[in-house]
Amino acid sequence: MAATYAKAKEYMDKVVSRLQQYFPEGFIPLHSDKLSDARNVFVIENQTAFKMHISKWYNQFFKISVGEELSDEELVEICPGFTTPKGLNKRMLYVQEDAEDGTLVHEFLHWLQHPNFYPTFYITHAKGSPVLEGVTEYFTRQVYSGVDRLHHYDRYYFNIVRGLAGQLITEQQIAAVAFKGTPVPSALTDLF
Ligand SMILES: [Zn+2]
């Protein structure tokens, strides 16, 4: 299996069709140029090029939230893709060429997220990283039912599932947090 731009576009369309009910008013027309071609959003690249990009962004940005010193080799090993923490219209998704399909879905969900959630909540809240990944992984698995998901996301995902099952949070609520940038309720952070 290899990641391709054609496949990325297919998943972009699937995500949009399942979740556009939750997007802010006018979101699709506003971003229709970007959404028309996966190359406007994704950079699918070989290990050497990916290593250069993830190393730069990890040291500039992600390290603060992850809280670990990781070598370039470790980053390439554990991370199939990432989303640059820029404004929505300038975000790019860097993905390794051997990334699984689920990674394309997961990273595209980060692309769609409101800046209040990513990067602001992610970088400023103590539980920013787990909550962001839990919400992202929840929507990933709503759209994509493959079995290739990274197991280190499981516990974040199941926190969300538990919250929904116990009616502590609703899908509408977490979608508003993710896509409209509404404040993250304590009912959500309390799950983590
Ligand atoms: Zn993620």
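Helices (H or I, at least four residues) and strands (E, at least two) are DSSP runs, numbered from the N terminus. The model is predicted: local features need pLDDT of at least 70, side-chain atom pairs count only at pLDDT 80 or more, and totals for chains, interfaces and linings use all residues. Residue numbers start from 1 along each chain as its sequence is written.

**Exercise 1.** State which peptide bond is cis and where Pro119 lies.

*Solution.* The bond from Tyr118 to Pro119 is cis, and its omega is near 15°. Pro119 has its place in helix H7 (residues 116-124).

**Exercise 2.** Determine how many helices and strands the chain has, and in what order the elements run.

*Solution.* There are 11 helices and 3 strands in the chain. Starting at the N terminus, the order is α-α-α-β-α-α-β-β-α-α-α-α-α-α.

**Exercise 3.** Describe strand E1 and its pairing with strand E3.

*Solution.* Strand E1 covers residues 42-45; Phe42 and Ile44 form its covered face, Val43 and Glu45 its uncovered one. In a regular strand, side chains alternate between the two faces of the sheet. Strands pair if DSSP finds at least two bridges between them; E1 and E3 (residues 93-96) run parallel and are joined by 4 bridges. Within E3, Leu93 is the bridge partner of Phe42.

**Exercise 4.** Locate Gln167 and decide whether Gln167 is buried or exposed.

*Solution.* Gln167 sits in the loop between helix H9 (154-165) and helix H10 (171-180). Although not a glycine, Gln167 has a positive phi of about 55°. A residue is buried with 20 or more other C-beta atoms within 10 Å of its own, exposed with 12 or fewer, and partly exposed in between, C-beta atoms being placed from the backbone. Gln167 has 8 such atoms within 10 Å, so Gln167 is exposed.
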